[in-house]
Amino acid sequence: MQLHRFHGGLKLPSHKAESTERPLRVLGVPQTLYVPLSQHIGEPTEPLVQPGDRVEKGQRIGQAKDYIAAHVHAPSSGRVVAIAEHPIPHPSGLSAPCIVIETDAQDHWGDTGMPAWPDWRDREARALRERVRDAGIVGLGGAAFPTAVKLNPRPGKPIHTLVVNGAECEPYITCDDLLMQTHPEAVLEGARIVAHLLGAEQVLFAIEDNKPEALRRLTEALARLEAEAQGSDQAQANASAGTRSEAPSQHRDASIQLVAIPSRYPTGGERQLIHVLTGREVPSAGLPADLGIICHNPGTLKAVRDAVLHGRPLISRIVTVTGPGVREPRNVEALIGTPFADLIVAAGGYAEGVDRLVMGGPMMGFAIHDDAVPVIKGSNCLLVTRPQDTARSGAVLPCIRCGECTRVCPANLLPQQLYWFAKSKNFDTIQDYGLFDCIECGCCAQVCPSNIPLVQYYRFGKQEIWNREKEREKADLARVRFEFRQERQEREEREKAERLARKKAMLAKKEPGSAAETEPGAPAASGTGAAADPKAAIADAIERARARKAAQAADADADAGTGPESESGSRTETGAGSDTGARPETRPGAGAPPASDNGAASDTPVRRPAAVAPAEKSGG
Amino acid sequence: MRFETRTSPHLVPDHSVGAVMRQVLYALVPGTLAMTWFFGWGVLVNVVLAVLFSVLFEALMVHLRGRPVGATLEDYSAVVAGWLLALAIPPLAPFWVVLTGAAFAIVVAKHLYGGLGYNPFNPAMVGYVVVLVSFPRAMSLWPAPYGIIDAPLTFLQSWQTALTGQLPAGLQWDAITRASPLDLMRESLVSGQTVEEIRQSPVFGSFTEHEWEWTGNLFLLGGLWLLYRRVISWHIPVAVLLSLATIAGLFWIIDPDHFASPAFHVFSGAAILGAFFIATDPVSAATTPMGRILYGAGIGLLIYVIRTWGGYPDAVAFAVLLMNMVAPTLDHYTRPRIFGHSRDGHG
């Protein structure tokens, strides 16, 4: 298979052997589990239990309210003692609501409401996706994006390839390596289930070539699975005795191809991996699904398989506990909610003089201030280091524009320029320079001779831009409301005046009876006409609101530029409206929040303002 | 247990500014020793004085700006600037020439613009140009190579000359200095000789003067080592030398009698030193890959233009300073295509 190379990247010391030498250890049930209500990208879940409730293992205890969210399940049986703030592994170092479970050591499975589906090949994609959602599965590579969402590509985007991301390119982390070594069949089955769900014809299973053992086990497991499939095909063919059965071909599983890829950080980045495998680039504003590809982590696939084949929710995961700061680096399988400190104990405890505890790898992980935080679904690795292992004095020198960061940037950005623009808060230019194409892999910061925490600057830039985007949305909404209110008030006054004028006219012409009958005929007719077609009038008003909104969005300096323009616009509109006599019927439209109707507010992207702004313009 | 929460990456860093600058210094050593060998102790005297003055000015300015002096000196950038300035100033020049150059390089060109990382112009070259226009006579007296003069200055005599501005008794400037090949070529061409006639002069080796060739070779060696160590990228040196050789070659092919060969231009004067050590100063150079190629090509072109038609025999400093001016513009127009974007820069 022809492999490709992405720009930049780094050859890093792998530090994988430390934790792969020891076998996987399954941790017991801790006395107390702290299960955060939010362990995924998206809105937090709502607790389904009360303090004092008894919970069984696998019982759903946190309900996802949003589409982009994942349910939370009880990792073991016991009693809920509290739902309270507890430190969680988060870069902010803040606490968050957790369901605290006092376990009863019985580890008793309850009814999960998810029957085992050994016949998954006969299940519909929708049902399988629902199962994945019910099982609370998120991406286990670290990002923790709800998997059911990722398995639901937009219509009109058929998926032909499932890429299994077994690259695990970051130093020290080996949880996927161990998983592939210990459960190769489960991972492959998971890949088949997901490929079936997506309708993908092929599975490309990519593994960095520094994991020969995992590759070997997978190759063996794949051969076994294929032999089994052939056996069952044979049996079926024999059973149908001569008459050609179409059934086996109908249910043929996607072909799985194992691909060893060169070890090079960050080859496990979704876009980088797709480029390595196919030579194609995922469009900046798009998703892999635009190329007919979806990527999943092996751990996620095994979780899907457990949910489908055994009806088990995601309540445990493999975590690498490693680094020079622990005495016996190893991988452990821990229940979600197990305190980090328990994992450290399983890894032989701390070495002398440790000063840093990182969740995730050394390049993208974040330091945690307290080892009381629990394992969450996205916890792939605990890295413990001593001062000499990071040797970053903290002294930051000015950028000398040496360009090393440009050389290693896998997105082919100019990190040194992004840094200047972030520092000077030049948020328009920084987007022009592709800030939102930054995948925060940390290569630039690693090679920076001035020791500048570059990724921090980019995160700051992104956050500020998101915040401003939200502010602008709010301001837009407020402006639209204000304009509607003004319009309504003007109209009401005008109507009042008209009514008065009409009354006067009526009074004046009261004497000649015949004339009085014909004259008011015109307004009356227009009134009935409007009443006959109120929906059209509402649509009319919405249309106008949308046009105005678009005009505002198109204007760069919203405050200065659009004020007078939109004002005059609304004035001419009201004028026209009163002429047709349809104005009273716009009332419902005016009363409803305009932004929700015109859709602009909800469409305005939060993630990629730069990318979508032009679309918004063209839409108007 | 509680821990520090520093930001990623959580690995030992690959480089530091100090390490980068130190490697530049190591790479300068062979060429500097060759120059000392050929042109006398005066070269080393210049280096010592220029580095000393530069570091002192750096310390003074950092102190005045209220920054930590020790930590700043550790980046070695002042040492590099001083050293490069020293190589550009003729050996045996009086110390105040070096002092003035160092003052302008460090105080004006570097710290008045914000210090390391903020200077738009190459500090060493600003210092050099200031002394070039301020001390035209001292800057034109380049010692003849040791092989040519009868009684070269001793180590102490070199110091004495530099510190007093007076030659030891009994020595005349005319006796110990000589026009450099670039001077010679320029003056002889002006006086109507052809390149071939000039090259008959005994001082010429295969391309240019023997001594300059070897100095160039050893700076080239240092430069290649910097490339190998990835301290500098190939873009600028390759572009400088290629564009200089190309344009020189073009004119040489058209009229070899009146235009010197590309090899002469590449190996004369400060072309190689400039290509690998001066033009590559990252702070004042362009920073995008394509921008660096254009930046280097511009320097090569300007070196040739100024040498051939300008008022100075060598032109590296002017070429670098002129291109420093356009570096930000080059960066603006040469942004690489971002991954996942189409050519025209849109997603």
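Predicted model: local features only at pLDDT ≥ 70, side-chain atom pairs only at ≥ 80, totals over all residues.
**Entry 1: chain A overall**

I began with the secondary structure of chain A and found 24 helices and 17 strands. I then looked up burial: of the 620 residues of chain A, 47% count as buried. For contacts in chain A with a separation of 6 or more, I noted that 73% come from residues 24 or more positions apart.

**Entry 2: helix H8 of chain A**

How many residues of H8(A) are buried? I found that nine of the nine residues in this helix, 270-278, are buried, and the helix is mostly covered. The buried residues include A:Glu270, A:Arg271 and A:His275, along with A:Leu273, A:Ile274 and A:Val276. I next asked what covers them, and the answer includes four strands of chain A: E9 (161-166), E10 (202-208), E11 (255-261) and E12 (293-296). After H8(A) comes A:Gly279, and I wrote down its positive phi, near 75°.

**Entry 3: nonpolar cores**

Nonpolar side chains tend to be buried together in soluble globular proteins. In this model I found that the largest nonpolar core has 251 residues. Which residues have the most contacts inside that core? They are A:Leu162, A:Ala191, A:Leu343 and B:Leu85. A second core, separate and of five residues, includes A:Val480, A:Phe484, A:Ala541 and A:Ala545.

I followed B:Leu85 further. Leaving out residues up to four places away in sequence, B:Leu85 touches B:Ala50, B:Gly101, B:Ala102, B:Ala105, B:Ala124, B:Gly127 and B:Tyr128.

**Entry 4: helices H5 and H6 of chain B**

Two packed helices are described by the angle and the distance between their axes. I looked up both for H5 (95-110) and H6 (123-134) of chain B: the axes come within 7 Å and cross at roughly 135°. Because of that angle, H5(B) is oblique to H6(B). The crossing of H5(B) past H6(B) is right-handed.

I then listed residues where the helices meet. On H5(B), they include B:Val97, B:Gly101, B:Phe104 and B:Lys110; on H6(B), B:Pro123, B:Gly127, B:Tyr128 and B:Ser134 are among them. Sorted by class, this contact has 13 nonpolar, four polar and one charged residues.

**Entry 5: where chain A meets chain B**

Last, I looked up the contact between the chains, which takes 58 residues from chain A and 38 residues from chain B. Elements of chain A that each supply at least two residues to this side include strands E15 (356-359) and E17 (381-385), and helix H16 (454-508). By class, I recorded 30 nonpolar, 17 polar and 11 charged residues on the side of chain A that touches chain B.

Terms used
Residues numbered from 1 in each chain as written. Chains lettered and ligands numbered in written order. Axes fitted to C-alpha atoms, helices over the stretch in contact; angles between N-to-C directions. Parallel < 35°, antiparallel > 145°, perpendicular 65-115°, else oblique. Left-handed = near helix turned anticlockwise from the far one by under 90°. Contact = placed C-beta atoms within 7 Å. Nonpolar A, V, L, I, M, F, W, Y, C, P; charged D, E, K, R; others polar. Buried ≥ 20, exposed ≤ 12 C-beta atoms within 10 Å, placed from the backbone. Core = buried A, V, L, I, M, F, W, Y, C linked by C-beta atoms within 7 Å.
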